[in-house]
Amino acid sequence: MDPFDDRDHLDALEGMDHRILSAIRACGADPRVGGAARALSWAGEHGGLWLAAGLAGAAVDSARRGAWLRATALVASAHVVSMGVKRLVRRPRPAHVDPPVRTAGRHSFPSSHATSATAAAVAFGVLGARAVPPLAAAMCLSRLVVGVHYPSDVAAGALLGALTARAGARWMRGGACD
């Protein structure tokens with residue numbers, strides 16, 4: 001491997017992405033793990049779980065209803081941004097594994113499930129929703145267990161979600177936009 005050849009480094013990273021995905025995908029052979037991953041995949045489609053959670057937070061926390069609604073808007077915005085990036089990058093989904101779930105689209109990068117989950121973890125976490133970050137982490141991992149994303153897709157989606165939520169944090173809490 002030539003230390004100055006970027007293609008060699010990209011090939012090595014791609015190979016690592018494939019190997020990690022294959023190893024994590026094997027965990028889905030356990031029916032409990034596979035079933036949970038499929039349920040999370042279904043619940044997270046188009047950010048549905050997180051949008052419902054944000055609206056539920058707004059319904060039960062009337063004192064901070066506006067903050068919950070703005071946080072939910074941040075989650076929706078993060079999801080929309082990830083869909084736009086996905087259409088620009090157009091990375092195909094992993095072909096070396098057989099996923100047990102259907103996907104809404106054929107592009108893989110970034111993971112929109114990871115984007116909306118991490119945006120929810122950050123935004124709803126600010127509002128004290130302690131259960132959201134571990135559930136969001138499980139959602140991110142589920143995308144690998146079902147084999148529809150590479151680890152780099154999930155990492156990029158999580159980063160995009162965190163950045164989107166952090167960028168709107170002041171607005172979410174009721175302040176001016178940063």
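Tutor: Buried means under 20% relative accessible area, exposed means over 50%, and partly exposed lies in between, using a 1.4 Å probe and protein chains only. This is a predicted model, in which local features need pLDDT of at least 70 and side-chain atom pairs count only at pLDDT 80 or more, while totals for chains, interfaces and linings use all residues. Residues are numbered from 1 along each chain as its sequence is written, and side-chain values use heavy atoms, with hydrogens and water left out.

Student: Where is His 46 found, and what is its phi?

Tutor: The general idea comes first. Most residues other than glycine have a negative phi, and most peptide bonds are trans. His 46, in the loop between H2 and H3, has a positive phi, near 55°. Arg 90 has a positive phi as well, near 60°; this residue lies in the loop between H4 and H5 and is partly exposed at 46% relative accessibility.

Student: What is the peptide bond from Phe 109 to Pro 110, cis or trans?

Tutor: That bond is cis, with omega near -5°. Pro 110 belongs to the loop between H4 and H5.

Student: How many helices and strands does the protein chain have?

Tutor: Helices (H or I, at least four residues) and strands (E, at least two) are DSSP runs, numbered from the N terminus. In the protein chain there are eight helices and zero strands. Of its 178 residues, 42% are buried.

Student: How do I read a helix pair, and at what angle do H3 and H5 pack?

Tutor: Two packed helices are described by the angle between their axes and the distance between the axes. Axes are lines fitted to C-alpha atoms, for helices over the stretch in contact, and angles run from 0 to 180 degrees between N-to-C directions. Helix H3 (residues 48–60) and helix H5 (residues 112–126) pack at about 20°, their axes 9 Å apart. That makes H3 roughly parallel to H5, since angles under 35 degrees count as roughly parallel, over 145 as roughly antiparallel, 65 to 115 as roughly perpendicular and the rest as oblique.

Student: Which residues of H3 and H5 meet?

Tutor: Contact means heavy atoms within 4.5 Å. From H3, Trp 50, Ala 53 and Gly 54 meet Ser 116, Ala 117, Ala 120 and Phe 124 of H5. By class, this contact of H3 with H5 has five nonpolar, two polar and no charged residues. Here Ala, Val, Leu, Ile, Met, Phe, Trp, Tyr, Cys and Pro count as nonpolar, Asp, Glu, Lys and Arg as charged, and the others, Gly among them, as polar.

Student: At what angle do H4 and H5 pack?

Tutor: H4 and H5 pack at about 155°, with axes 9 Å apart. H4 is therefore roughly antiparallel to H5. The contact includes Trp 68, Val 75 and Met 83 of H4 and Thr 115, Ala 119 and Phe 124 of H5. Its residues divide into nine nonpolar, six polar and one charged.

Student: At what angle do the axes of H2 and H6 cross?

Tutor: The axes of helix H2 (residues 31–43) and H6 cross at roughly 110° and come within 8 Å. H2 is therefore roughly perpendicular to H6. Val 33, Ala 37, Leu 40 and Ser 41 in H2 meet residues of H6, among them Leu 135, Met 139 and Arg 143. This contact of H2 with H6 has seven nonpolar, two polar and one charged residues.

Student: Which residues touch the most other members of the largest nonpolar core?

Tutor: A nonpolar core is a set of buried Ala, Val, Leu, Ile, Met, Phe, Trp, Tyr and Cys residues joined through side-chain atoms within 4.5 Å. In the largest one, with 22 residues, Trp 50, Phe 124 and Val 132 touch the most other members. Two or more residues each come from H3, helix H4 (65–89), H5 and helix H6 (132–145). A second, separate core has eleven residues, including Ile 24, Val 145, Val 148 and Val 154.

Student: And what about Thr 118, buried or exposed?

Tutor: Thr 118, in helix H5, is buried, with a relative accessible area of 14%. Leaving aside neighbours within four places in sequence, Thr 118 is in contact with Ala 136, Cys 140, Ala 158, Gly 161 and Ala 162. By contrast, Ala 52 of helix H3 is partly exposed, with a relative accessible area of 45%.
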